[in-house]
Amino acid sequence: MLPFSFEYERPKSFQEAVTRFQQADQSGKEPMYISGATEFLTLGRINQVYTEAAIDVKGIPEGKVIQFDQGYLVLGANLTLTELEEANVFPLLTSTSKQIADHTARGKITLGGNICGQIFYREAVLPLLLADSQMVMVGPEGVKVKPINEIFYERLLLQKGEFLIQVATDTRYLHAPFISIKRRQQWDTGYPLITIAALKIDRKVRVAISGLCPFPFRSNEMEDALNNLEGSPQEKIQNALASIPSPILDDVEGSSEYRLFVLQNLLLDVYEALKFGERE
Amino acid sequence: MKLHTIQLKINDEQQTVTVRSGDTLLYTIRKQLGLTGAKPGCLNGDCGACTIHVDGWPMKSCLMMAVEGEGKQITTIEGLKDTPIQQAFVQHFAFQCGYCTPGFIMNGHSLLQKKPDADDSTIKEWLESNICRCTSYSEIEKAIKFALEKNKSS
Ligand SMILES: Cc1cc2nc3c(=O)[nH]c(=O)nc-3n(C[C@H](O)[C@H](O)[C@H](O)COP(=O)(O)OP(=O)(O)OC[C@H]3O[C@@H](n4cnc5c(N)ncnc54)[C@H](O)[C@@H]3O)c2cc1C
Ligand code: FES
Ligand code: FES
């Protein structure tokens with residue numbers, strides 16, 4: 001039950017959604033797009049989200065596609081994490097998103113909702129950062145396509161009235177060797193202490209991390225340190241840790257020292273699986 | 001107050017209800033339709049006590065607004081009649097206070113339908129969506145495995 005009153009609309013096309021957003025905005029209704037609506041409900045009930053116009057985009061057909069097109073895998077942003085798992089077209093994405101929340105909740109949480117949510121973790125972003133995916137957004141200026149590493153900085157940098165409709169990934173990344181590990185404080189479901197996803201392509205290992213900072217990230221400096229051909233794996237890991245962005249989370253889930261300790265071990269696991277910084 | 005008069009198909013019956021946009025499906029089925037089998041627990045998507053089916057898949061009804069339910073096939077525990085999973089829960093004493101039981105049964109029933117060949121890791125993955133404060137979970141797991149086996153041999 002949400003404590004505030006709002007208009008609920010379910011447009012059938014993205015053009016209609018954008019128009020509805022603009023109209024509601026002009027009337028001062030602080031509109032927001034929603035898709036799975038799970039964060040809307042859970043944060044809304046504790047007054048951390050407010051709108052007078054919720055525009056539900058999950059019925060828009062372009063947001064539901066799973067298709068291969070000109071060397072790209074195109075995934076609709078309104079697909080639920082369960083739909084992505086069942087299709088299993090991008091194994092690294094499946095393996096990472098399969099660890100989000102729990103099986104039943106994943107039947108409602110959407111890819112777009114996870115990427116654009118307010119919570120820190122947004123673990124489904126990690127594989128997309130590693131695979132240089134293209135983000136397809138729609139808004140008042142029409143359709144926009146941008147590489148994720150240009151438009152995702154701590155969060156997806158959407159303009160007012162824009163929403164994510166699709167994500168396109170070059171198929172050469174789909175079957176590259178990868179590893180995805182989630183460490184929680186306890187239990188096997190829910191939010192991570194730290195999640196790491198890594199992928200090896202063109203003899204280099206890429207890593208993206210969630211739960212260390214208040215945003216998911218991929219760092220070129222960390223990757224350069226890990227892929228350096230000189231030094232032991234431990235030395236490379238120490239050098240990589242020196243390039244971590246700040247701040248490091250320090251909360252009841254884990255102190256910043258503990259998080260760094262867990263990360264070091266995770267990077268060793270990545271080394272075991274993908275052997276970064278070695279001549280082949 | 002933004003009200004919507006909507007049609008919900010619940011347990012094979014068409015129901016007309018007037019809801020606020022922000023009413024959860026859990027609230028609507030319990031307070032307006034008198035279907036009190038789905039239980040309110042955390043109201044935050046964590047416990048699974050409110051699990052129902054939407055188009056045959058398990059769904060936490062506290063994570064869904066009633067307005068999102070239009071055009072969907074919704075099933076609550078009241079819509080299951082003497083199914084193998086219900087029989088197995090009774091046979092294996094898979095409950096104590098019973099508060100979590102409708103949620104577990106709805107999840108288990110969907111598992112039987114969607115993944116009749118579920119292996120141990122799939123069973124665990126699905127069952128982790130629900131929390132029980134009384135049993136040791138082993139009775140619940142036994143009941144689910146028994147129903148899966150019975151399903152295979154029938
Ligand atoms: C029980 C539970 C456990 C969870 N565990 C985890 C976890 O382990 N890891 C994790 O990463 N997350 C976890 N989450 C958080 C969840 O992934 C996010 O809250 C996510 O935002 C929910 O997606 P949704 O589709 O329901 O989003 P919604 O509630 O629909 O929207 C969330 C936000 O995203 C925006 N948005 C939605 N779709 C779009 C779009 N297409 N374009 C632009 N903006 C959009 C909305 O405006 C809103 O601000 C959990 C959530 C629950 C309920
Ligand atoms: S009441 Fe819905 S998951 Fe707890
Ligand atoms: S039987 Fe009491 S909560 Fe499960």
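This is a predicted model: local features need pLDDT of at least 70, side-chain atom pairs count only at pLDDT 80 or more; totals for chains, interfaces and linings use all residues.

User: Thanks! Where is A:Pro140?

Analyst: A:Pro140 sits in the loop that links β6 (134-139) to β7 (142-147) in chain A.

User: What is A:Pro140 in contact with?

Analyst: Contact means heavy atoms within 4.5 Å. Leaving aside neighbours within four places in sequence, A:Pro140 is in contact with A:Val18, A:Gln22, A:Lys160, A:Gly161 and A:Glu162. A:Thr19 is 121 residues away from A:Pro140 in sequence, yet their C-alpha atoms are 7.8 Å apart in space.

User: New topic. Where does ligand 1 lie?

Analyst: Ligand 1 lies between chains A and B. A residue is near a molecule or strand if one of its heavy atoms lies within 4 Å of it. There are 30 residues around ligand 1, and A:Tyr33, A:Glu39, A:Thr110, A:Gly113 and A:Glu123 come nearest.

User: How many residues of each class does that shell around ligand 1 have?

Analyst: The shell has 15 nonpolar, 10 polar and five charged residues. Ala, Val, Leu, Ile, Met, Phe, Trp, Tyr, Cys and Pro count as nonpolar, Asp, Glu, Lys and Arg as charged, and the others, Gly among them, as polar.

User: Which element gives the largest share of the shell around ligand 1?

Analyst: That is α6(A), with four residues. In chain A, β2 (32-34), α2 (38-44), α6 (111-116) and β10 (163-170) each supply at least two residues of the shell.

User: Which N or O atoms come close to ligand 1?

Analyst: In the side chain of A:Glu123, an N or O atom is 2.5 Å from a nitrogen atom of ligand 1. For A:Tyr33, a backbone N or O atom lies 2.5 Å from an oxygen atom of ligand 1. The side chain of A:Lys182 has an N or O atom 2.9 Å from an oxygen atom of ligand 1.

User: How much of ligand 1 does the protein bury?

Analyst: Ligand 1 exposes 960 Å² when taken alone, and the protein buries 95% of that. Accessible areas come from the Shrake-Rupley method with a 1.4 Å probe; for residues, only the protein chains shown count as cover.

User: Strands next. Why is β5 of chain A largely enclosed?

Analyst: Four of the five residues of β5(A), residues 72-76, are buried, so the rest of the structure largely encloses that strand.

User: What does β5(A) pair with?

Analyst: Two strands pair if DSSP finds at least two bridges between them. Strand β4(A), residues 66-69, runs antiparallel to β5(A) with four bridges, and A:Ile66 stands opposite A:Leu75. On pairing with β10(A), β5(A) is again antiparallel, over five bridges, with A:Gly76 and A:Gln166 as bridge partners.

User: What about the hairpin of β4(A) and β5(A): how many residues lie between the strands?

Analyst: There are two residues between them, and A:Gln70 in this hairpin takes a positive phi near 50 degrees.

User: Over to chain B. Which residues of α1 are buried there?

Analyst: In α1(B), residues 25-32, the buried ones are B:Leu25, B:Leu26, B:Thr28 and B:Ile29. They pack against β1 (3-10), β2 (13-20), β3 (51-54) and β5 (73-75) of chain B.

User: And B:Thr24, buried or exposed?

Analyst: B:Thr24 is buried, because its relative accessible area is 6%. B:Thr24 belongs to the loop between β2 and α1 of chain B, and its contacts beyond four places in sequence include A:Met1 and A:Leu41.

User: Last one: which peptide bond is cis?

Analyst: The one from A:Ser246 to A:Pro247, with omega near 0 degrees. A:Pro247 is in the loop between α10 (233-241) and α11 (256-274) of chain A.

Key:
Residues are numbered from 1 along each chain as its sequence is written. Chains are lettered from A and ligands numbered from 1 in the order in which they are written. Side-chain values use heavy atoms; hydrogens and water are left out. A polar contact is a pair of N or O atoms within 3.5 Å; within protein, one must be able to donate a hydrogen and the other to accept it, and residues adjacent in sequence count only if both atoms are side-chain atoms. Buried means under 20% relative accessible area, exposed over 50%, partly exposed in between (1.4 Å probe, protein chains only).
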